[in-house]
Structure formats: C-alpha cells, structure tokens
Amino acid sequence: WRGPEGAPYSTLVPSDEVTINYRHGLPVITLMLPTRSERCQFTVKPVVTTVGAFLQDVQREDKGIERAEVFATDGSKVSDATLMEVLLMNDFKLVINNTAYSVSPPVKDKLSSEHATEMEDIKSLVHRLFVALHVEDHQIRKERELLQKLDHLKGELLPLEQMKARIKDSAEAKTSRLLWVGLALMSTQGGALAWLTWWVYSWDIMEPVTYFITYGSAMAFYAYFVLTRQDYIYPHAKDRQFLHYFHRKSKKQHFNVERYNKLKDDLAEAEESLRRLRQPLHLRLPIQEISDKD
C-alpha cells in the first residue's frame, strides 16, 4: 500500500495491532506506541472529537511520533476536521511515522426504536438535572441584572418625575380655575336673566331670549361632539382640558413625554420580571422559560 505521493510505507501492520472496542457506549482505540513500545488506550467521544484531535492526543502521548495521519482504504487522506463518528463507520488506515496500521472498526448494532426512545428520555432527564443544578446561579445572576436595571431606570426617571409633578400641578390648577370661571359665568348669566325678567323687562320679552340662549348652548355641545367625537360629559371634558394644559406646558419646559412613557414601561416590565423570578412557583424556572409559558 502506498502513501499519497506514491511512496510505499516501510511496514503494513495487520489490523490486530490497532483494536477498537466499545465501553459504556464510547469507542476505545488501543494501539502500540512506537518509541515507548507499549500499548496505549484512547477513549474518544465520537460526536465531538475530530480526527485531528485524536491524532494530536496520540502525538502528545508519544513525543517520538513525528507523523500521524489517517487514510481511507482507497488511499485518500481523511481531513482532520472529520468527526470520529464518521471515521469509525468504515475501515481505514492509521499511519504513524512510516508504519501503516489497517484498522477495522467493529460494527455497532443500530439502536432499536425502544432503546432510542429510552436514550432520548435519559438525555431529557440529564438536561433537566443540569438546569436544576444551575438554576440557582442563573437566578442570582438574573436577579442582580434586574436590580441593576431597576436602579438605572429609577435614576433616569427621577428628574422626569419631578418635572412631571410640577407640570401636573400647574395643569390641575389651570383646569380648576377654568371650572370655577365657568361656574361664575353661569351664575352671572342666571343673575342677569333674572334681573332683566323681573326688574327691567317682562317674561314675555325675555322668553325668546332664554330660548335662543338654550338653543345656542345645544349648538355649542353639538360642536364639541363634532370636534372631539365625544359627548360633553363634565369629567371627560375636565380630563381633556387637563391634558391640553399638560402637553402645552410640557412643550414649553421641554418635557419628553414619549421618553418618559418608554422608561415607565421598561420599569414596569423589569419589576414584573423580578416579581416572577421571586415567586415560589417559579423558583425552579429560568426567566426565559417563565416568559415562554406565559
């Protein structure tokens, strides 16, 4: 058998010099170290170990090995990035220095469907055990992150809350004054109509006047509905006037309402996440799984 450049190897060793056995589901490769003249076993994890990693382990074990390569039976070199799981599916040649070892991996029986299901259950159990053992560290780290986020959000909200309180007090004062002005005007109007009815004119003259005042009030309420698409209900009208004063004052004092609302939403979300994290029923679940369940 010849190498990749056509040069023959000095020795072609039969397959019994390199043996492969399975222990606890993992392949154990046994071979003779050339300079130490002793057999050595290498346990590999086929789904994660590559051919290059296996050859490095062999060279690390015997410093006298200058060359270690793997070739397929047709003479093509096997890439170092190939997984051992793929390599062990077929026969191959293991070349150490100038010696080529013919290797025939044992045929591993395919798992039955029941055994495969059992293995999946075991994997799921192992994953759940890993989560259970590491969830406390995860919760502590997540709680620390949430507390830091809360402190940061509260620090940003503090000056905005103070500015909002001042604007709110000013808007409420203006709204209250407007309500008292409206009451004063209605009282003045009622007094003027009474004076004109009993002291200046008679009811026959004032009746058409009161009729048109009532009709004008109805037109004003209808105009309010046309403009706002809302009925003229006193609490709603008061709230609308308050918001009008509040936003006008906010623009004058450069109070960013959108940024304030965004910070408040982030703060509420962080507090809710922290509350869920500390709930007894959720103590065994990471915060991502809690969100997924909701």
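Helices here are DSSP runs of H or I with at least four residues, strands are E runs with at least two, and both are numbered from the N terminus. The model is a predicted one: local features need pLDDT of at least 70, side-chain atom pairs count only at pLDDT 80 or more, and totals for chains, interfaces and linings use all residues. Residues are numbered from 1 along each chain as its sequence is written, and side-chain values use heavy atoms, with hydrogens and water left out.

**View A. A nonpolar patch sits on the surface.** Its members are Trp 195, Trp 198, Trp 199, Val 200, Tyr 201 and Ile 205, with about 780 Å² of accessible area together (Shrake-Rupley method, 1.4 Å probe).

**View B. Two stretches carry a UniProt "transmembrane region" label.** The unreviewed entry puts them at residues 178-197 and 209-227; such annotations may be inferred rather than shown by experiment. Residues 178-197 are 100% helix, with end C-alpha atoms 28 Å apart. Residues 209-227 are also 100% helix, and here the end C-alpha atoms are 27 Å apart.

**View C. Asn 97 has a positive phi of about 55°, yet is not a glycine.** Look for Asn 97 in the loop between strand 6 (92-96) and strand 7 (99-103).

**View D. His 254 has a positive phi too, about 60°, and is not a glycine.** This one is in the loop between helix 5 (234-252) and helix 6 (257-278). At 69% relative accessibility, His 254 is exposed.

Key
Patch = residues over 30% accessible without salt bridge, like charges linked within 9 Å, V, L, I, M, F, W, Y side chains within 5 Å. Salt bridge = Lys/Arg side-chain N within 4 Å of Asp/Glu carboxyl O. Buried < 20%, exposed > 50% of the residue type's maximum accessible area, 1.4 Å probe, protein only.
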